[in-house]
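Subject: Structure handover

Hi,

Here is the structure I promised to pass on. Please open it first, then read my notes below with the view beside you.

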Protein chains: 2
Amino acid sequence: MSVLPEVIAANAEYAASFGDRSELALPPARGFAVLTCMDARLDPAKYAGLSEGDAHVIRNAGGRASDDAIRSLVISYKLLGTKEWFVIHHSDCGMEFFTDEVIRGLLANSLETAALGDQGFYDVGTGPGAREGDYIDWLTISDQATSVTEDVRRIRNHPLVPARIPIYGYIYDVKSGLLLEVPTATEVGRAA
Amino acid sequence: MSVLPEVIAANAEYAASFGDRSELALPPARGFAVLTCMDARLDPAKYAGLSEGDAHVIRNAGGRASDDAIRSLVISYKLLGTKEWFVIHHSDCGMEFFTDEVIRGLLANSLETAALGDQGFYDVGTGPGAREGDYIDWLTISDQATSVTEDVRRIRNHPLVPARIPIYGYIYDVKSGLLLEVPTATEVGRAA
């Protein structure tokens, strides 16, 4: 059973009451951007109070400050005028439960989905896998406060990022829905 | 005026009625992932009918199949079991209005925000810029149907992506809210 018909039906319903959203401008109306995790439990529009048109939302596995996230952030301010940025990781993130070595081994063994047990992910598939994973930095996380702080630091120190843009570091708590400030990131992320 | 107090206030309101969302599991309940653009006008949860816990959402400038998006998609199926993927670009995307040469020139000139005129983006800042932009592939778009198809093709042909995963290519129309299928992407994205 494909999800495709459900998605298309939900989309038709959304479009049917689209109203004046057709008039929204390209640049984010509230002038900020959020970098956060792809995790299914996170809805940045809901947890940060965004309406359509308000803010850029960049998401990847972990909410990491990858080269691609930085590409997106630079476009966000240079071409579309955002002035404040949030880096938001979260509790119970899948990126905490494996290492580069683990996922490389799993992928080399098979391309089937692994299972998550008490000891982390383990493979249930039997070949053929692929070794391409050896060449990817998976950007895993060992501690959320550290990963938020390091990602804010990487963005802060990037030569294309103006010193005037404040960068806020938070952890989203999947048990409460609350955004919890990361004080070490606040230090690093201050605008000059 | 910072947006920070507004975001924190909206978050407190969201968390106050969090309810049984605290019980959501880590793997996406509906088993799929969406790769789409960071554009502020797009709310994938709304346009595709997602509740918290349903699906992975990956977003970057353009919704492009960057190395980082592929990193995220591979984690999405290998560790968290998604079985269908959507690549969704959109009309009136900022990525259509410049080229690598344009943004490199703008960044070399200044780190101030550029303006968008009839002829595309033009710089209003006066130094100091930085040349780091010369080393970044900005993944600009000249035609949405082509970019969707090429991105579906890149994912389809990646050695870590199993042939059994269907990849659907769509364009979100910012004037109507509708998802429009890209037939050339459908051809490429079919599961084996």
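Predicted model: local features only at pLDDT ≥ 70, side-chain atom pairs only at ≥ 80, totals over all residues.

**The largest pocket**

The largest pocket has a volume of about 540 Å³. Its lining counts 24 residues. Which of them lie nearest its centre? They are Asp67(A), Asp68(A), Ser66(B), Asp67(B) and Asp68(B). Two elements give two or more residues to this lining: α3 (67-78) of chain A and α3 (67-78) of chain B. By class, the lining of the largest pocket has 12 charged, eight nonpolar and four polar residues.

**The cavities**

How many cavities of 30 Å³ or more does the structure hold? There are four.

Start with the largest cavity. About 210 Å³ of space lies in it. The lining of the largest cavity has 24 residues. Nearest its centre are Asp43(A), Pro44(A), Ala45(A), Asp43(B) and Pro44(B). Both chains give elements with two or more residues in this lining: α2 (44-48) and β2 (55-60) of chain A, and α2 (44-48) and β2 (55-60) of chain B. The classes here are 14 nonpolar, eight charged and two polar residues.

Now the second largest cavity. About 70 Å³ of space lies there. From chain A, its lining takes Cys37(A), Met38(A), Asp39(A), Ala61(A), Gly62(A), Cys93(A), Gly94(A) and Met95(A). From chain B come Leu26(B), His56(B), Ile75(B) and Leu80(B). Eight residues of the lining of the second largest cavity are nonpolar, three are polar and one is charged.

**Helices that cross between chains**

Two packed helices are described by the angle between their axes and the distance between the axes. Look for two such pairs.

Take α3(A) and helix α4 (residues 100-109) of chain B. Their axes come within 12 Å and cross at roughly 70 degrees. Why is this pair called roughly perpendicular? Angles of 65 to 115 degrees count as roughly perpendicular, so α3(A) is roughly perpendicular to α4(B). The crossing of α3(A) and α4(B) is left-handed.

Then take helix α4 (residues 100-109) of chain A and α3(B). These pack at an angle of about 70 degrees, with their axes 12 Å apart. Therefore α4(A) and α3(B) are also roughly perpendicular to each other. α4(A) passes α3(B) in a left-handed crossing.

**Backbone details**

Where is the cis peptide bond in chain A? Gly127(A) and Pro128(A) are joined by it, with omega about -10 degrees. Pro128(A) sits in the loop between β5 (120-122) and α5 (144-156) of chain A.

Chain B has a cis peptide bond between Gly127(B) and Pro128(B). Omega there is about -10 degrees. The place of Pro128(B) is the loop between β5 (120-122) and α5 (144-156) of chain B.

Asp92(B) lies in the loop between β3 (84-90) and α4 of chain B.

Best wishes

Technical notes:
Residues numbered from 1 in each chain as written. Chains lettered and ligands numbered in written order. Heavy atoms only, no water. 1 Å grid on protein atoms, 1.4 Å probe; cavity = no way out; pocket = protein on both sides within 12 Å on 5 of 7 lines; lining within 4 Å. Points joined across faces, edges and corners; volume = space filled by probe spheres on them. Helix = DSSP H or I, 4+ residues; strand = E, 2+ residues; numbered from the N terminus. Nonpolar A, V, L, I, M, F, W, Y, C, P; charged D, E, K, R; others polar. Axes fitted to C-alpha atoms, helices over the stretch in contact; angles between N-to-C directions. Parallel < 35°, antiparallel > 145°, perpendicular 65-115°, else oblique. Left-handed = near helix turned anticlockwise from the far one by under 90°.
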